Each structure stands twice: as C-alpha cells, then as structure tokens.
2 protein chains.
Amino acid sequence: MATAMVELRAWLGEISDLRRASAVLQWDQNTMMPRLGAPLRAEQIATLERLTHERFTSARTLELIEAAEPELDGQPADSIEARIVSEARRTFEKSSRVPVELATARARAASHGYKAWVAAREANDFSAYAPVLEENFKLARDYIACFDDYEHPYDIVLDDFAPGMRTSQVNELLGEMRDQLLPLIEELAGRSIDLAPVQARYPIDGQRQVVDRVLRWMGFDDASWRLDDTVHPFEQSFSVNDIRLTTRYLESYFPTGLYGAMHECGHGLFEAGVSPELQRTPLGTIRSSSIHESQSRLWENMVGRGRAFCTALTPLLVEHSRGALDGLEADAYFRAVNTVQPSTIRIEADETTYGLHIVLRYELECLLLTNELTVADLPEAWNTRMREYLGVEVPSDAQGVMQDVHWSEGLFGYFPSYAIGNLIAGQLWARARTDIPGLDDQLAAHELAPLREWLREHVHRHGSRYSDNELLAQAVGESVQVMPFISYLRAKLGDVYQLDLA
Amino acid sequence: MATAMVELRAWLGEISDLRRASAVLQWDQNTMMPRLGAPLRAEQIATLERLTHERFTSARTLELIEAAEPELDGQPADSIEARIVSEARRTFEKSSRVPVELATARARAASHGYKAWVAAREANDFSAYAPVLEENFKLARDYIACFDDYEHPYDIVLDDFAPGMRTSQVNELLGEMRDQLLPLIEELAGRSIDLAPVQARYPIDGQRQVVDRVLRWMGFDDASWRLDDTVHPFEQSFSVNDIRLTTRYLESYFPTGLYGAMHECGHGLFEAGVSPELQRTPLGTIRSSSIHESQSRLWENMVGRGRAFCTALTPLLVEHSRGALDGLEADAYFRAVNTVQPSTIRIEADETTYGLHIVLRYELECLLLTNELTVADLPEAWNTRMREYLGVEVPSDAQGVMQDVHWSEGLFGYFPSYAIGNLIAGQLWARARTDIPGLDDQLAAHELAPLREWLREHVHRHGSRYSDNELLAQAVGESVQVMPFISYLRAKLGDVYQLDLA
C-alpha cells in the first residue's frame, strides 16, 4: 500500500538532503571559510545546485507525483501527505520552466556576488559592485522571462518567497503602511528621548555574555544550536536540531548585536519548532519568508523592545557593561530603544521608520527588474528616496545602496517580506496577548517558554503545510492586515513619548 | 579538438566538487555541528556519497573515458592528461564493482560510527562501541567480497590508500621495521632522560600562541587556512586555498597540541602545494596516504623534534609558558621530546615506539577482516599485543582499543600508511639534507621556506600524478626502504642518549 507515496517521499528526502548540504557550504562560506577559498567554493555550490535542480526537474519527479496523487483519495486536502504532493507539484512546475544553465548561472553569480559585495562595501567602491548587480539583475530578468502567468513581472520573484502573493497586493499593503507611518513619524518629529543608554561604549565580551543569556532564555541550547560572528547576520538550519545563528557586535552600539541575535533566534525558533515528521519533506523548510520574518521581528521588537521584557533585560545589561550602564533604569532603556529616529541604515533602523526602508528597496527592485531604472542610476535613485521618505542624507554608498547583502546574492522579491512580516507579527502579537494570561509578567521575569510554545503551536510546527492566509486564518481568523501593527506601534510610542497617539 | 577530454574533465570536475562538498559536511560535523544534528547530517552525507557514487559509476563515465583515450595518442604516458584518464579508469573500475547500496551503507555507518565512538570513548564503554565495529567490519568484508583480484583480502582495503601496494609488501616492510625497532628500544631500556620540560603544566592560551607562530613559520596564513579544536585531530582541504587543520590541547602535556598541529600542517602543506592546474581533476586529491603521512611525520618529527628546530622552538615555548619553562635550554628540550618511552597511546607515542603501535593495529585489522578474530575478543587481543610489543599494561579500553577514530569510521587499510609514511619521510629527509645547503642553520632560524619549497617541487605539486614508486624514484632514486629511516633514528637517538648507536 501507498508505495508510490513512500517512493516520492524518499526521492524528495534526497532532494532535501542536497539542499541542506548546499546550505552547509553556504553557511561555512559566510562564517568559517578562508577568503581565498571563494572561487572553488563557488564551483562546489554551483555543482550541487545544478545537480539538485536537474534531479528535481527530471521526469522521475513528475512520474512519482503522478503515481502518488491517486493514493491521496479520501484524504483531506490539507493532510500532510496531500500537502507534500501538492507542494512538490507546485515547485516542480515552477522549477521545470527554468533551464538548468540559468539556475546554475544564478547560483554561481550569487556565490561570487557575495564576496564581491563584502570587498566593495569595505572599499566603499560602487563601481566594483555595479557589474555584479548588473549580472544578478540580468539573470533575474532571464528568470522572469521563463514564465508568463503574471500580472506584473515582479510577481515571479515575489512568489519565490511569498507563494501566491501578487505585486498588486504588496502595493496595497505597503502603500497603506507607508500612509500610516509617514504621519506618525511626522507627529514625533522634533521630540527627543535620552539616548545615552544605547550610546554607551559597551565591551564586546560583555555583549557576548548578554546575548548568550538572552538566547538561552529564548530556547537556545548547545546540543542543537550555534552562534557565530559574521558581517551580515543570518540564520540557517540543517535540521530541527541543527540551528545556526550569526550576529555582529559593535562596541559603539550594542543594540546591533543584541537585537540582531534576538532577530535571528526568532528565525531559529521557527526552524527548530517545525514538527519533526515534516523533516526531509517539502514542508520541512519554510517557503514563506513573510511568516519567517514575522517570527524574527516579533522576538526582536515586540518582545525584545517591549516594556515588559526591558524590565528583565536592563539589570542584565547593567551587569555586563563594566560600569558603562551603572544606574540605568528599565524605563529609560525602554524609551531609548524605541526612539523614532530616521537614519540611513536599515538594520539599525527603529521599528517605526524600518518600514520605509523596505518601501524604498521594494520600489527600486521593481524598477530595476522592469528596466525602468539602470544600475548606473541606482545610487542616485537610492539617495533621492532616502531624502524623500526619511529626510536623511546618505554619507557614502557603503552606508547607502551597498549596505544590504540581498542583491549581491541575487535575492530579489525578498525585501517586502520584512514589512509584511511586521504586519503579520502585529496580528499574532495581538492574539498571543489575548490567549496567554499573564504574558507581561512572564516576559518581565524572562519566562519566554509560554510565548514560544504558543508560537510553536500556532505557527512553527506547521512548517510549510499551510499558505500564509490559511495559517493566519487558523491563528487569528483573518488575512494579512496593516492596522493591528499600526495600533500596536501607536500604543507603544504613546507610552514611549508620553503622548496620546491611540 | 580534444572535445572528449574537455567533456571528461568537466564531468570529473563535478565529481570532485561533490566529493569536496561531502568533505565540508564532514569537517563541519567534526568541528562545528551541535551534537543533536548528527542523525540528519548522516542522511545528508549518505545521500551525497550515494549520488556521487552513482554518477561516477554510471555508463556516462566509461563513455567519456573511452572517448578521451584515443585523443591521448602521442602524449607521454605520464602527461597530466594521460594520467587523468588512467586514474579515472582505475577508480571507475574499482568503484563500479561496489553496489550503490553498499557504498551508501558504508558512508552512513561511518557517520553514525564517529558519533558513537566519541560517546563510547568518553564513557569508557566498549560494549556500546562493539556493535558499531561489528557493522563496520562486516561492511568492509562485504566490500572486499566485491573483488577477486587479490593475493590477500586485505589487499583490497590497502589499495584504497596505497594504490598498487600488496599486503605481502607491507608484511615485509613492517616486519623489517619491527625487527629493527625492537632491539633499538631494548638498547635504550632503563636509560632515563629528564622529562620535566614536557611535563610542565602549560596554559592552553599560551599553547595556542606557540602553535599560531609555528604554523605561520611553516606557511599557514589566514587567507587560505584555518585551525580549529577537535577531539581527534585531522586535516581536510576543499581547494588548494582552503586548508582546514584541527588540533587538541592538553594543559598537562603541551606536545600533544604543538606536534599535533605540526603534523596536520604537514598534511596541509601537501594539499596546499598541489599544482592548481590539477584542481577538480582526479589528480588534485591525494590517493596515497603513505605519501601524505610522510609529509605530516616529516614536519612533526624530523623538523619539529630535530635538534636544529628545537633551537628555534625553545625560546618561543619559554616566552608563552607563563614561567613554567623558565630557564629551559634547547638541548634539554630536544632530549625530552625524543625520549623513547613505551606507552599505551599511539598519538602520544614517541617516534621510535610509534611504529610498533602501527604493527599491532595492522595485525588486528587483518585478523578481523579475515574473521580470524572476533570483535568480542578484540580488547583482549589488543591488550595482549600491547604487553608483547611495548611491555605496557592498558589501563582502560578508552585508552586502549577505543583510542583511535579510524575503525569507527570504517577506515581499514589506513594504519600501515603511518609507518610506511615514516619510512618514506626517512628517505626524503636524507635527500633534502643533501640537496639544501645550510638546512640546519635555516631550521634553527625558523626559516622553513627552503624545505617547504623543496618538498613542493619534489612531492606536493604532483598531487596524485605519480605512483608512490614513481614519485620516490624521481625524488630519491629508489623504492620504499626501511633503512634510511632506521639510520636517521639511530643517529638522532645517539645524540639524545649520548651513545654510539650508528
């Protein structure tokens, strides 16, 4: 019985192994590999990706899918087995439209691009970076040209990270969000908060101790997790029991390391919380980066910068600061980390202005992919929009158009996830506060398990079993909405600035 | 022109990429991976190995080899292209006899076995280790059963690490070596040397600084090399510019960390010195572990424990010892690290008794593979031979039969390489001393480049282009011999013990 299904699962299990193997090579490249190892590593990753693509798009996959489908008779459409088959079919149909040479070229360009980006950013040399961008955008346009079922060309890259979502919906959500954020930021302009607590020089050794403690509160343990340093923080997992976090410490601004680590740990908790029975299936890795980002940003901002958890965090920060934060009060810390302060760097942006950094990137990506903007004109377009949305001057390309890793690795269609993730986080957060009695008291006592388990139950364990809309419908009873996030933000900022913003 | 050759090289390049990828997963497993990541990692490695095996043993490989062979007309038999084709044919013929299920099972057992060994050794629990050994020996016997062209079953596993060598030759070489070593050790019995210099408690931080300096003298640099901690030190490379060393530090015995690192760096210099044009070909990775071990042991013992280099090493050791070695003289250090002292642990054995540890393992491996000894009887057989050859009592299985990683990973046929490597190192060392004027003065001034470049010229750059015999014929004008090593040893020990041993 169910032989075809068993065979399909074994076949997809191998595909999953190969993808995880490629992820190990990438993790190593970005954390451990000596610099001159790059060219051969790019070949190794390209070969693995090509082979995986070849196998997944081979006739064998379709044959196994078609043999397994009749065995699903009588099973609910959202059963695990039915969803394994439908997800396999969906991704098969998408992948098999892309020639293997193009998939390989994209993988190779991504690997070379990352290294070129690191060097160009360090040298603040956009001219060294431009050819890499040209190549990546060209390959992305070639990729889009493999498809025809879209309203807008951007739909195709968007769908890689937010299956089923359309550019028109993103336009609507980000438009409403922007229209809510601009006046809110306006209302707060000119109001100042004492930033001394976050401007203290904080020894990096001390930061490491703080981060270690906070991550363990969240659920990090040495048997299944690692934390390493890198240039651009990321999270990767190779199984539910092999979760890799990275962060970056700045002596001059400790929130970068701390909140970067909480952010990545939020991603890690999602990967660690996937039901083990989904491992080595297409549902065991996360297809929706919006849901993924909702988890990282919920832990970073709603927990990490919330008044309750700041109560737990403040004495820990004082303890490891070697005197730099002596006498700090939780209220002052809470207010300092929630200041609204337009600035040039996305990953250092506050929770409120952050969304506008995303709107800017999303708009430029769309224009570049549709050839309405050239790479040569990109720095100026970037700087102009920074002035327009955030009212700030970009001091250098390294701190401007070259600040993010994404485009260097050919990652287009991803940026909206950060903003939509915030919106989803707003919805989940509102529901969790209703569902978990005494949540604030728990957070203030750094008891994070009840929240983590609530998220595991409603989000993590399902992996990619449900679409974003299905998952949200089950968890909160509605599709993606802007207003829960905005209401949360206005309430918090009212508290921070002691204003009535509701 | 030469299209088939170009296609064969591309195909073999992919195979090489996949093997390197699998090596990255293994390196990560042994240095970085959280403990609970093991089961899925074993699957990932098994899938990669199976796929690589399938590809390499597919009809496509033979087709490309047969198409390329006629294109070699007129090329010397030892040209790079001719050797790529002949090495591809040799390994194709060997691999294609092994069913893919067996190759997969061996890879999976190796990965599980390593973790089981770490745990069993830590718990000193041979009964937890025995099933792993049973499985690995059984799979090795199944592997041998795939072949028929041998004089002795052990020939088959030996040939994996020393292509073309026979068990009868190993018996002869190791027999002559044992017959030379036993009386030499006898002559020195009861003579004592002051061991205080190596028994000082040496802070591990200081050891790291010493090792860092010594490796840089040898050629280590951050652009292409890494050094990490592990339980059982090893070296791996993923390209000529991505060399990974590992070592293990003991506060109570610093030579373990220092000479372990020099040993692995000797391997690393070989991998780093392979001509870049051999990368991604079958000649770019080293098939002969005897030659490989000749490099590690030459650097560890002939350089590292030589009187000349001890002159450079002693002040460095004093400097980082936090007082523990104050007043140490190079002569006393030289004598202490060359003491002949039979003991139970191979990797801590002195250069002279080391060979007998290998003879013991080699004999037991042969008996286990031919079913003349059972795993249940192994600990007793081990302990009996330790008494017979080295006159020592084994205090526990953890310090006895479970001390080495090799069998846990199904690595049979490898141990002789260590002893034969010593013999080859003796031959190369004798020739290098003639070829390089002022070598001792250079070593005393830690100028290691001339020796490294001599080795690169005569050994490293060729990768696997030549058989051991061909390589030795070019470098020293003879095949593997026992006496150069014995003469070197007698001369050094005469100096150490102030006796006439020549």
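1. Two strands count as paired here if DSSP finds at least two bridges between them. With that in mind, take strand β3 of chain B: in this strand, Ile243(B) is the bridge partner of Ser237(B). The model is a predicted one, and the points below should be read as a description of that prediction.

2. The pairing of β2(B) with β3(B) is antiparallel and runs over four bridges. These strands belong to an open sheet of three strands in chain B, ordered β1-β3-β2, with mixed pairing. At its edges are β1 (225–229) and β2 (235–239) of chain B, each of which pairs on one side only. From one strand to the next, the twist averages 20 degrees.

3. A helix of chain B covers this sheet. Helix α11 (residues 254–273) of chain B lies across β1, β2 and β3 of chain B, and runs at about 160 degrees to β3(B).

4. Chain A has an open sheet of three strands, in the order β1-β3-β2 and with mixed pairing. Its edge strands are β1 (225–229) and β2 (235–239) of chain A, and each pairs on one side only.

5. Which strand of chain A is joined to β1(A) by five bridges? It is β3 (residues 242–247) of chain A, and the two strands run parallel. Within this pairing, Leu245(A) in β3(A) is the residue opposite Leu227(A).

6. Helix α2 (residues 38–56) of chain B lies across β2 and β3 of chain A, at about 80 degrees to β2(A).

7. The size of an interface is often given as the accessible area lost when the parts come together. For chain A and chain B, the buried area is about 3100 Å², with carbon and sulfur atoms giving 60% of it. The contact takes 38 residues from chain A and 38 residues from chain B.

8. How many salt bridges are counted between chain A and chain B? The count is ten. Over all chains, the count comes to 97 salt bridges. Between chain A and chain B there are also 18 residue pairs in polar contact, both residues being at pLDDT 80 or more. On the side of chain A that touches chain B, the elements giving two or more residues are α1 (3–31), α2 (38–56), β1, β2 and β3 of chain A. By class, that side of chain A has 15 nonpolar, eight polar and 15 charged residues.

9. Side chains of opposite charge can pair when their charged atoms come close. One such salt bridge joins Asp28(A) and Arg244(B), with the closest N and O atoms 2.7 Å apart. This pair crosses between chains, going from helix α1 of chain A, which holds Asp28(A), to strand β3 (residues 242–247) of chain B, which holds Arg244(B).

10. Another salt bridge is formed by Arg55(A) and Glu54(B), where the closest N and O atoms are 4.0 Å apart.

Definitions and conventions:
Residues are numbered from 1 along each chain as its sequence is written. Chains are lettered from A and ligands numbered from 1 in the order in which they are written. This is a predicted model: local features need pLDDT of at least 70, side-chain atom pairs count only at pLDDT 80 or more; totals for chains, interfaces and linings use all residues. Side-chain values use heavy atoms; hydrogens and water are left out. Contact means heavy atoms within 4.5 Å. Axes are lines fitted to C-alpha atoms, for helices over the stretch in contact, and angles run from 0 to 180 degrees between N-to-C directions. Buried area is the accessible area (1.4 Å probe) that two parts lose on being put together, summed over both. A salt bridge is a side-chain nitrogen of Lys or Arg within 4 Å of a carboxyl oxygen of Asp or Glu. A polar contact is a pair of N or O atoms within 3.5 Å; within protein, one must be able to donate a hydrogen and the other to accept it, and residues adjacent in sequence count only if both atoms are side-chain atoms. Ala, Val, Leu, Ile, Met, Phe, Trp, Tyr, Cys and Pro count as nonpolar, Asp, Glu, Lys and Arg as charged, and the others, Gly among them, as polar.
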